[in-house]
Amino acid sequence: QIKLVESGGGFVQAGGSLRLSCAASESFSSANAMAWHRQAPGKQRELVAAIFSNGNNYTGNSVKGRFTISADYVKNMVYLEMNGLKPEDSGVYYCFADGLRIWSGRANYWGQGIQVTVSS
């Protein structure tokens, strides 16, 4: 099965930038979408941004204008460019493959997550 490995997280001051990367072990071109989710302590996991197989993008209201999702379908990479970071952006960020086609149908896959901490 596909493996998703996040990198690029860390500690940054408010107003700073980070670029998260998600390396997939195989092609995700058959997925309905690739996405980034995040989860802060004590909060539910939330969708941050997604890129769909038809080329459309989605960006959550809380990060619109600051975060950008992109994908390289040749390198099997998904990126999340995060600018103007705020303390409320802190949390564990997860790469997610939505509806990847497999032999028995479609399945969803998560990466292990990576910590982003934004200090005020």
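This is a predicted model: local features need pLDDT of at least 70, side-chain atom pairs count only at pLDDT 80 or more; totals for chains, interfaces and linings use all residues.
Local features need pLDDT of at least 70 and side-chain atom pairs count only at pLDDT 80 or more, whereas totals for chains, interfaces and linings use all residues. Residues are numbered from 1 along each chain as its sequence is written, and side-chain values use heavy atoms, with hydrogens and water left out.

One disulfide is found, a disulfide being a pair of cysteine sulfur atoms within 2.5 Å. The bond joins Cys22 to Cys95, with an S to S distance of 2.1 Å. The torsion about the S-S bond of Cys22 and Cys95 is about -80°, so the disulfide is left-handed. Cys22 belongs to strand 3 (residues 18-24) and Cys95 to strand 9 (residues 91-102), so the pair ties together parts that are 73 residues apart in sequence. Strands (E, at least two residues) are DSSP runs, numbered from the N terminus. Both Cys22 and Cys95 are buried; buried means under 20% relative accessible area, exposed over 50%, and partly exposed in between (1.4 Å probe, protein chains only).

The largest nonpolar core contains 30 residues, of which Leu4, Met34, Trp36, Leu80, Met82 and Tyr93 touch the most other members. Such a core is a set of buried Ala, Val, Leu, Ile, Met, Phe, Trp, Tyr and Cys residues joined through side-chain atoms within 4.5 Å. Elements giving two or more residues to this core include strand 4 (33-39), strand 8 (77-82) and strand 9. Beyond residues up to four places away in sequence, the contacts (heavy atoms within 4.5 Å) of Tyr93 include Trp36, Arg38, Leu80 and Met82.

Four salt bridges are found in the whole structure, each defined as a side-chain nitrogen of Lys or Arg within 4 Å of a carboxyl oxygen of Asp or Glu. Arg38 pairs with Glu46 at 2.6 Å, N to O, and with Asp89 at 2.9 Å, N to O. Arg38 in strand 4 and Asp89 in the loop between strand 8 and strand 9 are 51 residues apart. Asp89 also forms a salt bridge with Arg66, the closest N and O atoms being 2.7 Å apart. Through shared partners, Arg38, Glu46, Arg66 and Asp89 are joined into one network. Within this group, Arg38 is buried at 5% relative accessible area and Asp89 at 0%, while Glu46 is partly exposed at 33%.

Glu26 lies in the loop between strand 3 and strand 4 and is partly exposed, at 37% relative accessibility. Not counting residues up to four places away in sequence, Glu26 touches Gln1, Ile2 and Asn76.

Key:
Helices (H or I, at least four residues) and strands (E, at least two) are DSSP runs, numbered from the N terminus.
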